[in-house]
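Visitor: I would like a close look at one helix, and then at the parts around it. Please keep it brisk.

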Amino acid sequence: MRVISMLDDYRKMCNSAETQGKYEAYKIYAAKYPTLFKAVEKYLYNSSLENLKDYIEGCNLKALLHQGQANYDNGLFNRIPDYVEKCSKRIGIDFPFDLYLGLELGNIGGASLPVENGNRFVYIGMDRPVDSEFCSFFVPHELHHLLRIHSTGETDSITLKARMVSEGLASYCPIWIEDLKWNTETIALSLGIKQKSAQYMLEHADSLIKELWTEGGKSLNQEIMMRFFTTSNEDDNVCVPGYFVGMWLTHALVEQGYSYMKLTNMNTPEVLSLMGDLIEK
């Protein structure tokens, strides 16, 4: 595992932005990490940096730098690689990858994405508040994506059901690694939502599963992503139901005796078949 800290380059970029402008400085910064930013543009932003020019110009880059520096001062740049190493061994990652301790526009907590050129990678956003509890749930999630991309060769989820499988399995990973109880607290922590929402979704799991399964063949678009995979209002009872349903069905399969690691290495259609049989019972 190669660890890449982006903090110093981000600091230089912020200094350059005062004379070059934010967008021009950020474009030069992104070009230093082509593998990372090409994947982010394609799979997360679905847009080129050029189309994000106004957004970049409006960002408070120095505030993001200060958050990254605070995480560095708190020792997280040293602790996170150790935890990544531990989790990698636990789930059987035996291939090389890069760990980016990164800063961008404050939007990405973490990611592991398909790459066209360069090493596979895990990105952990250091331009956001980070603590040990956050890492214990977030790191296994992203490492699971890394392993699944490697094991299955699947590069993208194009339907609601396929994304539900990918995110549900990844969300269950920290619970499996730490052998945590299946309850409101751990579900909330794994999904990054309030316990109120986790409890509500547990109580209404049947209806949420039915809704997702009915619409599961739809291609991913902005409306589907907003409904099933985005927390738009923290006061809502239902938050990120795509993640929750996938995690709930994963837990149900594990409870029936299926190996979590076997599920991890299965192709998506095979996992969906098992989940479909489970729903029909």
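**A helix and its surroundings**

Guide: Helix H13 covers residues 241-255, which makes 15 residues. From its first C-alpha to its last it reaches 21 Å, close to the 21 Å expected at 1.5 Å a residue. The expected span is 1.5 Å times one less than the number of residues. Helices (H or I, at least four residues) and strands (E, at least two) are DSSP runs, numbered from the N terminus.

This is a predicted model: local features need pLDDT of at least 70, side-chain atom pairs count only at pLDDT 80 or more, and totals for chains, interfaces and linings use all residues. Residues are numbered from 1 along each chain as its sequence is written, and side-chain values use heavy atoms, with hydrogens and water left out.

H13 is mostly covered, with 11 of its 15 residues buried. Buried means under 20% relative accessible area, exposed over 50%, partly exposed in between (1.4 Å probe, protein chains only). Among the buried residues of H13 are Phe244, Val245, Met247, Leu249 and Leu253. Pro241, Gly242, Thr250 and His251 are also buried. Just after H13, glycine 257 takes a positive phi of about 110°.

Next, helix H7. H7 spans residues 132-152 and has 21 residues. Its first and last C-alpha lie 30 Å apart, close to the 30 Å expected at 1.5 Å a residue. At its start, a side-chain oxygen of aspartate 131 comes to within 3.3 Å of the backbone nitrogen of glutamate 133. Glycine 153 follows H7, with a positive phi near 75°.

Two buried polar side chains come next. Serine 166 sits in helix H8 (residues 160-177). Serine 166 counts as buried because its relative accessibility is 15%. Its side chain makes a polar contact with the side chain of histidine 145, at 3.4 Å. A polar contact is a pair of N or O atoms within 3.5 Å; within protein, one must be able to donate a hydrogen and the other to accept it, and residues adjacent in sequence count only if both atoms are side-chain atoms. Asparagine 71 belongs to helix H5 (residues 61-73). At 1% relative accessibility, asparagine 71 counts as buried. A polar atom of its side chain lies 2.9 Å from the backbone oxygen of arginine 128.

Now the sheet. Four strands form an open sheet in the order E1-E2-E4-E3, with mixed pairing. Strands E1 (2-5) and E3 (110-111) stand at the edges, each with a single partner strand, so one side of each has no neighbour in the sheet. Strands pair if DSSP finds at least two bridges between them. E1 and E2 (residues 98-102) run parallel, joined by four bridges. Arginine 2 stands opposite aspartate 98 in E2.

A search of the whole structure finds one cavity of 30 Å³ or more. On a 1 Å grid over the protein atoms alone, a cavity is a set of points where a 1.4 Å probe fits but cannot get out; lining residues have an atom within 4 Å of a point. The largest cavity holds about 40 Å³ of space. Its lining includes Met6, Phe37, Leu103, Glu104 and Tyr123. Helix H3 (residues 34-45) gives the largest share of that lining, three residues.

Key
On a 1 Å grid over the protein atoms alone, a cavity is a set of points where a 1.4 Å probe fits but cannot get out, and a pocket is an open set with protein on both sides within 12 Å along at least five of seven lines; lining residues have an atom within 4 Å of a point. Grid points are joined across faces, edges and corners, and a volume is the space filled by probe spheres set on the points.
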